[in-house]
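Subject: Structure handover

Hi,

Here is the structure you were expecting. My notes on it follow below.

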Amino acid sequence: MYRYDAIDKTLVDERVAQFRDQTRRFLAGELTDDEFRHLRLRNGLYIQRHAPMLRVAIPYGTLSSVQLRTLAHIARRYDRGYGHFTTRQNLQFNWPRIEDVPDILAELAAVEMHAIQTSGNCIRNVTSDHLAGVTQSELEDPRPWCEIIRQWSSFHPEFSYLPRKFKIAVTGAPEDRAASLVHDVGVHMVRAADGELGFEILAGGGLGRTPIIGQVLREYLPREHLLSYLEAILRVYNREGRRDNLTKARIKILVRSLGIEEFRRRVEAEWAAMRDGAPRVDDAEVARVRAFFSPPAYRRLAEADPEAGKDTAFRAWYRHNTVAHKVPGYRAVYVSLKKSGVAPGDATDAQMDLLADLADRHSFGEIRVTHTQNLLFPDVEAQHTFDLWRSLDQAGLATANIGTLNDMICCPGLDFCSLANAGSIEVAKLINERFDDYDYLYDLGELEVKMSGCMNACGHHHVGHIGILGVDKNGEEWYQITIGGAAGADAALGEVIGPSVAKAMVPETIARLLAVYVECRLPEERFVDTVRRIGIKPFKERVYAAPLAA
């Protein structure tokens, strides 16, 4: 993983010192709430429903064991003993005291971490495929390019006050586990007709109040021009994006209002005017950054069958929570943070400490955050997966549910968020209690359930196979259900099936949707495929044919 140089360290340390003084002045009454607001947001500090919330950047989702232990320590010392992993590969602390935040940032800086640009109208944390560098299908490891973008975008003076926040995702695999089509800009590694690797650039994606799937802006961009082309996009957006209406300020609204052809024309014109004088990403710089992501010292191993002779629980976990690795004899191992009764994405300080120890023992000291609010050991010897499973099982971290209905994405909702209209965590618990038969869950196959407590869509409900959106009806929590969405290479927005349902009725609504799927599916057909084939009408008719009962 990337290691700070003297410039990185100086920048982050200086930012900590600046914010320490800004916080002191605010607490002393020398800065108003409005004056402090922009300063704290530049350092990842929000004021939520009950307490401040600090969002920590985890660039492209990669953590060292040392960094994870520091997050555990911060959770223990400054918070309530846990952290919350998000859909954008970051971590949030929900209960820090404002006066402690400068100390937290100093402790993060000591292990090459920060909270810079995790909030505010700027270029946010760059995200990527959590299987980058280990998946068999990628054209090239995208993480060096994520790091190049991160270094270019951090403290970029021209883009510190954009019309709205700006999110970039980079992927090198066709599966698109980075949800790049619902980002402001998606960067896909592709190969030209002559075999040269470059990028396909997409723009205008996003969820929230106006969900839109991103469109192809440029089919092929030579690699050396990546930063200048991104700069051209951002210049057009910065100049022409709306600043008079918060809900219409994202780049997706600009792209939609202009149309992709006109937006492309303006970006290409901007790029043509600047590219000859813009710095290029030369081979030497790519090699420099790529050196930080050299493969670990893999052993030459024979393929083995770790399931042989093991108990049923381990075999289920191995089949659902581990995936093939590009190096023979290794597996990438998911750590589910979706145990029934636990808020999805939460990990305690003790669990984080354990995972750091297990990463040192089994995965070259590295662990990653996924877009689905789980964690991943990227490089585990297959022959040691049973030992790893036993350790995880004892800590409540071996739930064998990756890719199932119970592997839900869920925002904090009304429990924490000041923007939420309804709760999410309690609904996730109700769903888990209703669907606790794992033979049934495994028979259903791949099923992505995504839930948000408001239209801001932090839970990505628009692109769930089943999406759940909390709404307020006269002070009561109700839930709108969509089906048919997807976030990968086949990204699509779900369709609303009908009127919203009461909180207690959400599990029954899902049960009726699943009954139609089981009756109508073809062999090897996923839920979302069945919805696309037969449409939403049969599902809607089943849900509302009889009164819903909890």
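Cys-520 is partly exposed, because its relative accessibility is 30% (buried means under 20% relative accessible area, exposed over 50%, partly exposed in between, with a 1.4 Å probe and protein chains only). Before the rest, the ground rules. This is a predicted model, so local features need pLDDT of at least 70 and side-chain atom pairs count only at pLDDT 80 or more, while totals for chains, interfaces and linings use all residues. Residues are numbered from 1 along each chain as its sequence is written, and side-chain values use heavy atoms, with hydrogens and water left out.

Cysteines
The structure holds zero disulfides (a disulfide is a pair of cysteine sulfur atoms within 2.5 Å). Cys-411 is in none; the nearest cysteine sulfur belongs to Cys-410, 5.7 Å away. Cys-411 is buried, at a relative accessible area of 9%.

The sheet
Five strands form an open sheet in the order S3-S14-S15-S12-S11, with antiparallel pairing. Strands (E, at least two residues) and helices (H or I, at least four) are DSSP runs, numbered from the N terminus. Two strands pair if DSSP finds at least two bridges between them. Strand S3 (62-64) and strand S11 (322-324) stand at the edges with a single partner strand each, so one side of each has no neighbour in the sheet. The twist averages 30° from one strand to the next.

Going through the pairs:
- S3 and S14 run antiparallel, joined by three bridges. Leu-63 has Ile-367 as its bridge partner in S14.
- S14 and strand S15 (residues 375-381) are antiparallel over two bridges. Arg-368 is bridged to Leu-376 in S15.
- S11 and strand S12 (residues 330-335) are antiparallel, with three bridges. Ala-324 has Arg-331 as its bridge partner in S12.

Strand S14 (residues 366-369) is covered on both faces. Glu-366 and Arg-368 are buried on one side, and Ile-367 and Val-369 are buried on the other. The hairpin of S14 and S15 has five residues between the strands, and there Gln-373 takes a positive phi near 65°.

Two buried loop residues
Tyr-60 sits in the loop between strand S2 (52-56) and S3. Tyr-60 counts as buried because its relative accessibility is 4%. Its C-alpha atom is 4.2 Å from that of Thr-127, which is 67 residues away along the chain. Leaving aside neighbours within four places in sequence, Tyr-60 is in contact (heavy atoms within 4.5 Å) with residues including Tyr-2, Gln-89, Thr-127, Arg-143, Glu-147 and Phe-293.

Asn-43 is in the loop between helix H2 (33-41) and strand S1 (45-47). Asn-43 is buried too, at 3% relative accessibility. Not counting residues up to four places away in sequence, Asn-43 touches Arg-15, Phe-19, Gln-22, Leu-54, Leu-105 and Ala-115.

A helix pair
How do the axes of H6 and H7 cross? Helix H6 (residues 226-240) and helix H7 (residues 251-258) have axes that come within 10 Å and cross at roughly 85°. That makes H6 roughly perpendicular to H7 (65 to 115 degrees; under 35 is roughly parallel, over 145 roughly antiparallel and the rest oblique). Axes are lines fitted to C-alpha atoms, for helices over the stretch in contact, and angles run from 0 to 180 degrees between N-to-C directions. H6 contributes Ile-233, Val-236, Tyr-237 and Glu-240 to the contact, and H7 contributes Ile-251, Leu-254 and Leu-258.

Best wishes
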